[in-house]
Amino acid sequence: MFQPNDYVVYGRSGVCVVEGTEQIGGQDFYCLRSLYQDCHIKTPVNGKTPIRPVLSKDEANALIDRIPTMETRAVSAGNTRDLSEKYRASILSQECGELIELTMTIYAKKQEAQRAKKKLSATDQAFLKEGEGLLFGELSVALGIPFDEVQPYIKNRLKSNGQSSS
């Protein structure tokens, strides 16, 4: 069971701080405050929405170090709805590796669209923003750095390791 002041990842809300627990109708609920959205959440301790601890600093750095070995995935779908479902599955997985692959895939699509002098679809833009928000939010807390310093941190770490990032 999580304790007050623990940082957790809760569904699509991203990083939250546990403010405590309370009983409602005989059931225990976590009281969460989202770090990057203006909201408070009450969720059953044994609810359906996944909740997990934020990565440790070592886990975050190990994940970043793996980025050069990750590949973009060919994401094809017959229509926008199918594409959204594929992206949504990556978001809901709550796995940082999945989020990195998702954002790398959409970023590659963005670069390809720019080369063809086209715009990235609204669906791709929305999921890129959400994926980066969830990923950078967690890495920010894990690494103890401000949200807007996460992307430069990743680039600098990869560069200092003799690797390049997209």
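Predicted model: local features only at pLDDT ≥ 70, side-chain atom pairs only at ≥ 80, totals over all residues.
Residues are numbered from 1 along each chain as its sequence is written. In this model, local features need pLDDT of at least 70, side-chain atom pairs count only at pLDDT 80 or more, totals for chains, interfaces and linings use all residues, and side-chain values use heavy atoms, with hydrogens and water left out.

A search of the whole structure turns up 4 aromatic pairs (rings of Phe, Tyr and Trp, the last by its six-membered ring, with centres within 6.5 Å; planes under 30 degrees apart are stacked, over 60 edge-to-face and the rest tilted). Tyr36 and Phe147 make a tilted pair, because their ring centres sit 5.3 Å apart with the planes at 50 degrees. This pair ties together distant parts of the chain, 111 residues apart: Tyr36 lies in the loop between strand S3 (27-34) and strand S4 (40-44), and Phe147 in the loop between helix H4 (122-143) and helix H5 (150-160). Helices (H or I, at least four residues) and strands (E, at least two) are DSSP runs, numbered from the N terminus.

Phe147 also pairs with Phe136, and here the centres are 6.2 Å apart and the planes at 65 degrees, so this pair is edge-to-face. Phe136 belongs to helix H4, 11 residues from Phe147. Together, ring pairs join Tyr36, Phe136 and Phe147 into a cluster.
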